[in-house]
Amino acid sequence: MNDIHLSRRGVLRTGGAAAVVAASGLITTRAWSQQRKLTFAWNASAFCLSPVVVAQERGFFEKNGLQVDLINYTGSTDQLLESLATAKADAAVGMIHRWLKPLESGFDVKIVGSSHGGCVRLVGVKEAGVTDLQKLKGRTIGVSDIASPGKNFFSILLKKNGIDADKDVTWRQYPADLLDIAVNKGEIQAIADGDPTLYLIEKRNKGRYQEIASNLSGEYKDKVCCIVGARGELVRNEKPVVASLVRAIVQASDFVAENPNESARLFAKYSPKVPVEDLQALLGTLTHGHHPTGKSLRDEVEFYARDFKSVGVLKQNTDPVRLANHVSVDVLA
């Protein structure tokens with residue numbers, strides 16, 4: 001794990017401050033006669049979303065003229081996007097792997113910013129001989145949700161490596177805290193999930209698992225994972241407000257990239273079951289220095305749309321270019 005953390009930390013450090021400076025006006029705060037109130041939905045149990053806490057606790061929202069009420073949302077992504085489309089919330093953050101399919105269905109929600117890369121990993125059970133992608137053939141992979149980002153992403157990665165994710169492997173769903181028990185029973189030989197679930201499983205079973213891949217592997221090492229979306233009406237009518245929100249998240253993400261220990265301390269109160277030193281180690285595995293906006297973000301949305309279409313997550317008649325152009329908006333332009 002240490003080698004993995006170090007290599008990813010190197011990725012994290014590249015392009016952070018430069019990306020912020022390069023984006024037009026990205027570090028400029030906006031003066032409002034009165035702070036604009038917004039509701040922002042997020043999953044408070046997801047440590048990777050530490051920038052949301054940092055933006056609130058370190059005043060990045062306030063510096064950008066915003067008063068943000070955080071809503072802890074743990075429902076399905078379809079419900080989350082519906083809450084945005086119907087103005088129950090103004091904006092939200094979540095994994096692009098979950099968002100593209102419902103956005104294809106027509107929710108009036110726009111992708112306006114991003115936070116970081118990382119979030120999902122695939123580990124194999126060493127004693128079962130699952131130590132690389134090819135050894136997954138004929139095996140069963142445990143997931144916490146059959147429509148999870150892990151299943152969607154690794155289905156794509158398997159296909160790119162000549163493995164049919166529907167025929168060559170079996171996917172089986174378990175509650176996240178029972179995944180290692182399923183391994184003990186011999187029911188699964190690999191796990192596709194996110195941290196801290198996998199981190200804690202590996203910590204309890206030192207040396208038992210081997211990381212096979214993550215969504216920072218290969219061509220994905222510089223791709224975003226968690227994106228910021230806003231309700232379409234807000235983007236159309238109050239673009240400067242949305243731009244201020246995007247700036248705040250970008251600034252907070254850069255803070256996390258440069259100050260993982262302090263960020264972990266701030267987030268710790270939302271994750272009492274995970275020691276702060278573990279949160280610090282976990283934040284070092286993510287690329288909070290990579291948070292594309294504008295055309296760069298639109299291009300990544302198109303990249304993922306092509307991937308998801310290739311494995312049937314998106315409809316075969318969906319045009320990835322048109323979808324990316326429709327759901328992505330450059331609010332900083």
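## An exposed serine

Ser-105 counts as exposed because its relative accessibility is 58%, where exposed means over 50%, buried means under 20% and partly exposed lies in between, computed with a 1.4 Å probe on protein chains only. This residue lies in the loop between α6 (96-104) and β4 (109-116); helices (H or I, at least four residues) and strands (E, at least two) are DSSP runs numbered from the N terminus. Although Ser-105 and Lys-315 are 210 residues apart along the chain, their C-alpha atoms are separated by 10.0 Å.

## How the model is read

This is a predicted model, in which local features need pLDDT of at least 70 and side-chain atom pairs count only at pLDDT 80 or more, while totals for chains, interfaces and linings use all residues. Residues are numbered from 1 along each chain as its sequence is written, and side-chain values use heavy atoms, with hydrogens and water left out.

## The open sheet

Strands of a sheet pair through backbone hydrogen bonds, either parallel or antiparallel. Here five strands form an open sheet with mixed pairing, in the order β2-β1-β3-β10-β4, and two strands are said to pair if DSSP finds at least two bridges between them. The edge strands, each pairing on one side only, are β2 (66-72) and β4.

Within this sheet, β1 (residues 36-42) and β3 (residues 91-95) pair in the parallel sense over two bridges, and Ala-41 has Ala-92 in β3 as its bridge partner.

## The annotated region

UniProt, in an unreviewed entry, lists residues 50-262 as "domain: SsuA/THI5-like"; its positions are given in the numbering used here, feature names are shortened, and annotations may be inferred rather than shown by experiment. Over residues 50-262 the chain is 40% helix and 24% strand, and the end C-alpha atoms are 10 Å apart.
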